[in-house]
Amino acid sequence: SGFNSIGHMDTMLRRRHHIGHCKEGEEFIHNVFHVLFLLFSGKEKCNLSICWLQYEISKVIQCLQTKKKKKLKVQGRKSKKLAKNLLKAPDNRNDLSLWKLYAYLEWLLGNTDDARKVLDTALCTAGTGGLKSSQLCSLGLLYAQLEVELLESLEGAVMSRAVHVLTKLAESGPYVPYSGQVLPVNVLKARKTYEHALQDYLGKTPVSDQDWVSDTNQLVSLVGCYALFQYLTVGIDAAVLIYAQTSEKLEALGQQKCENTGENFSIQHFPTALEAVTLLHTNLLKFHMKISVYPLNPLREALTEALKRYPSNQSLWRSYIHIQRKSHSASKARRFFDGVTRSTDSLEPWLFAIQAEQMRKKLIENVQRVGAGEIHSTIPETGLTNRIIALFEHAVQSENGTHCPLLWRMYLNFLV
């Protein structure tokens with residue numbers, strides 16, 4: 001009993017009190033981690049620690065989504081204890097990725113000051129690699145992103161802690177914690193540094209496959225930092241421009257490598273970098289719309305373009321569904337889903353198309369039941385039911401859909 005809920009088969013329609021992992025499943029996963037820990041050493045053990053901490057963070061996020069304060073407190077205590085134990089291990093003490101996850105955990109639990117202390121300490125001890133250090137860049141990006149989320153508007157953002165972190169990162173000197181102000185001259189110098197660093201990275205031709213992996217990670221963090229820096233010091237258009245230029249350059253480089261070398265290794269990593277940059281771009285547009293008045297169209301266009309290219313990216317689909325809910329016309333979204341499902345074998349477009357229709361059905365039912373139990377039959381609901389059943393039928397006939405337990409469970413659940 002209980003093992004089926006490890007994978008959350010009922011993700012699409014789960015009720016609030018069902019969320020969370022059952023006891024047997026939890027014990028099983030813990031045993032797996034404990035057994036594996038004895039088999040690995042060095043870098044592999046470090047990677048395993050990162051996986052474990054990411055898993056703990058996912059449970060904390062679940063508690064936050066269900067708004068269960070008591071459960072969050074208990075889970076937070078357990079996760080923090082594990083994080084501290086992992087960081088005590090000699091191999092892990094200097095691993096910035098682990099420190100980054102620990103700070104993120106503290107931030108999620110609402111301990112903003114503690115998280116800042118952890119991030120400041122990590123940045124102080126990380127050395128002076130600046131924009132050339134992949135881990136340092138990634139750490140600085142997370143710090144700045146978390147700080148930006150606290151902003152209520154862009155007014156005075158130039159003096160914020162996020163700008164301080166991004167400026168210090170560009171200086172490549174020893175890190176100094178935020179003291180409440182940022183010098184305009186440092187902002188100007190940092191902008192130049194970011195600009196040159198990005199040009200150098202895009203102009204570089206790595207030698208080996210391993211170089212590509214580390215370089216693409218580094219490039220994504222660098223672009224994220226530079227765009228966020230521009231967003232806070234200049235504005236949204238300056239940030240969008242950087243994402244557009246980087247994407248264009250990466251596409252051109254990808255095609256060029258393919259023609260020149262005939263080898264495949266460079267191509268494997270270009271899409272991952274492009275996808276990550278696209279995700280940063282759409283997330284920034286989403287955030288900007290939340291704190292200020294901005295048209296929906298740039299985000300919609302960025303998402304549709306990205307989803308044609310990466311039809312199995314769940315974060316992009318979630319954002320797409322979220323913005324389509326604000327629109328009263330379903331036909332555009334339906335045509336888009338139809339186009340994507342025809343051009344790809346991945347199952348995500350089907351699952352999200354079904355979810356979008358189910359949300360629409362729920363919305364209409366709620367509207368019809370408003371008031372004293374009177375049902376206004378202005379919009380016949382049967383049309384949506386038939387549409388959803390047709391989507392399920394098409395999805396389970398596709399090659400991947402036939403073998404997807406989640407899809408069959410959702411179908412049965414809907415029919416019931």
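Because the model is predicted, local features need pLDDT of at least 70 and side-chain atom pairs count only at pLDDT 80 or more, while totals for chains, interfaces and linings use all residues. Residues are numbered from 1 along each chain as its sequence is written, and side-chain values use heavy atoms, with hydrogens and water left out.

The predictor's confidence in each residue is called pLDDT and runs from 0 to 100. For this protein the mean pLDDT is 84, and 85% of the residues reach 70 or more. Helices are DSSP runs (H or I, at least four residues) and are numbered from the N terminus. Confidence is highest in helix 4 (residues 96-108), at a mean of 93, and lowest in helix 11 (residues 265-291), at 81. Over residues 1-13, pLDDT stays under 50; for this stretch the model has 24 contacts (heavy atoms within 4.5 Å) beyond four places in sequence. Where pLDDT is low, the predicted coordinates should not be read in detail.

Leu38 is placed in helix 1 (residues 23-39). With a relative accessible area of 74%, Leu38 is exposed; a residue is called exposed over 50%, buried under 20%, and partly exposed in between.

Charged side chains provide the next topic. A salt bridge is a side-chain nitrogen of Lys or Arg within 4 Å of a carboxyl oxygen of Asp or Glu, and the whole structure holds 13 of them. In one of these, the closest N and O atoms of Arg116 and Glu147 are 2.6 Å apart. This pair links distant parts of the chain, since Arg116 lies in helix 5 (residues 112-125) and Glu147 in helix 6 (residues 134-149), 31 residues apart. Arg116 is buried at 16% relative accessibility, and Glu147 is buried at 6%.

Glu147 also forms a salt bridge with Arg161, with the closest N and O atoms 3.7 Å apart. Glu147 lies in helix 6 and Arg161 in helix 7 (residues 161-171), so the pair ties together parts that are 14 residues apart in sequence.

A further salt bridge joins Glu305 and Lys308, whose closest N and O atoms are 3.6 Å apart. Both residues belong to helix 12 (residues 297-309), and because they are 3 residues apart, about one helical turn separates them. Lys308 is exposed, at 54% relative accessible area. Elsewhere, salt bridges that share partners join Asp113, Arg116, Glu147 and Arg161 into one network.

Note on methods: Helix = DSSP H or I, 4+ residues; strand = E, 2+ residues; numbered from the N terminus. Buried < 20%, exposed > 50% of the residue type's maximum accessible area, 1.4 Å probe, protein only.
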